[in-house]
Amino acid sequence: MTYVKSTKGKNLLVYAEYIFEKDYTKNEKTYWKCIKYNMYKCCGRVHTVNDEVVLHKNTHNHTPNITEISTKTIINELKETASSQVTSTPHQIVTNTISTISSQAISGALPSVATMKKTVQRLRRCKNAPVNPSTLSEINIIDPYTFTLNKKPFLLYDSGSDDVNRILLFSTEENLKILSDQCHWFIDGTFKSSPQLFTQILTIHAIKYDTVLPLVFALVPNKTRDSYTKIIKELLNLENNLQPA
Ligand SMILES: [Zn+2]
């Protein structure tokens, strides 16, 4: 038997291009009602025994749910990919899913791209992400979050769980090389989008290829001179050719 998952995660039976939801089970027989029983008062029913359809009461008062079956299948696949491909971004997962659809009717019936991205993000938060730490010392960044999508080290410095003013520095070897060619750095602190427990996300930009590139990201718990000094010192440890003006 073929199933698709409902938005609440229940198995819906797909049979003869109609969709049914479980009504009840009695004496080893399961009774399924057409999902349009409420909306159209449809009387289409299916009986199954041991995972086999033994009766289809084909009295539907509407056309088969072909588009609905396809969209539900696509959303199911999207959710599975969201859980299995942890290193793909929600944007990549949604665009990959959409690119496989050739029918306009199906793409028209799907939720918007923004809604699908939110679905992926919500699933990620529930299933894969570790619980949010409540103190700086509880932060434990695990793989694959310490690497870039190209599997290059990304978390380059962590001042440690016993540092009350813990600082995390994210960048890549390549980014630091670009930065070492430039003596003009642009440093910007963002406070609003900073994750809980930190006061700011500090970003260091430099100009290359006529573009301002963000190259280093630091999570900083305060705005003190000590923290800024520490960041510069650690950057120089990581790449000693750096030459901030
Ligand atoms: Zn029906």
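Me: Two strands pair if DSSP finds at least two bridges between them. Which residue in S10 is the bridge partner of Thr190?
Reply: Ile201 in S10 is the bridge partner of Thr190. Bear in mind that this is a predicted model.

Me: How many bridges join S9 to S10, and do they run parallel or antiparallel?
Reply: Five bridges join strand S9, residues 186–190, to S10, and the two run antiparallel.

Me: And on to S11: how many bridges there?
Reply: Nine bridges join S10 to S11, which covers residues 211–220, again as an antiparallel pair. In S11, Leu213 is the bridge partner of Ala206.

Me: What happens at the turn in the hairpin of S10 and S11?
Reply: There are two residues between the strands, and Tyr209 takes a positive phi near 50 degrees.

Me: How many residues of S10 are buried?
Reply: Seven of the nine, counting a residue as buried under 20% relative accessible area. S10 is therefore largely enclosed by the rest of the structure.

Me: Changing topic. Which residues coordinate the zinc ion?
Reply: Cys34 and Cys42 through SG, His60 through ND1 and His62 through NE2, at 2.1 to 2.3 Å. Their spacing in sequence is C-x7-C-x17-H-x1-H.

Me: Why is the arrangement around the zinc ion called tetrahedral?
Reply: Because the four donor atoms subtend angles of 101 to 117 degrees at the zinc ion. The ideal angle for four tetrahedral donors is 109.5 degrees.

Me: Where do Cys42 and His62 lie?
Reply: Both are in loops: Cys42 between strands S4 (29–34) and S5 (45–49), His62 between strand S6 (52–57) and helix H1 (66–84). The pair therefore ties together parts that are 20 residues apart in sequence.

Me: Is Cys42 buried or exposed, and what about His62?
Reply: Cys42 is buried, at 2% relative accessible area. His62 is buried too, at 15%.

Me: How much helix and strand is in residues 3–62?
Reply: 0% helix and 57% strand, with the end C-alpha atoms 20 Å apart.

Me: Now H1. How far does H1 reach from its first C-alpha to its last?
Reply: H1 has 19 residues and reaches 27 Å, close to the 27 Å expected at 1.5 Å a residue.

Me: Which residues of H1 are buried?
Reply: Ile69, Thr71, Ile74, Ile75, Asn76, Leu78 and Ala82. As background, an α-helix has 3.6 residues a turn, so residues three or four places apart point the same way.

Methods:
Residues are numbered from 1 along each chain as its sequence is written. This is a predicted model: local features need pLDDT of at least 70, side-chain atom pairs count only at pLDDT 80 or more; totals for chains, interfaces and linings use all residues. Side-chain values use heavy atoms; hydrogens and water are left out. Helices (H or I, at least four residues) and strands (E, at least two) are DSSP runs, numbered from the N terminus. Donors are N, O and S atoms within 2.8 Å of the metal (3.2 Å for Na, K and Ca); water is not among the atoms, so sites may look incomplete. Four donors count as tetrahedral if all angles lie between 85 and 135 degrees; four count as square planar and six as octahedral if opposite donors are over 155 degrees apart and all others between 65 and 115; anything else is irregular. Buried means under 20% relative accessible area, exposed over 50%, partly exposed in between (1.4 Å probe, protein chains only). The expected span of a helix is 1.5 Å times one less than its number of residues.
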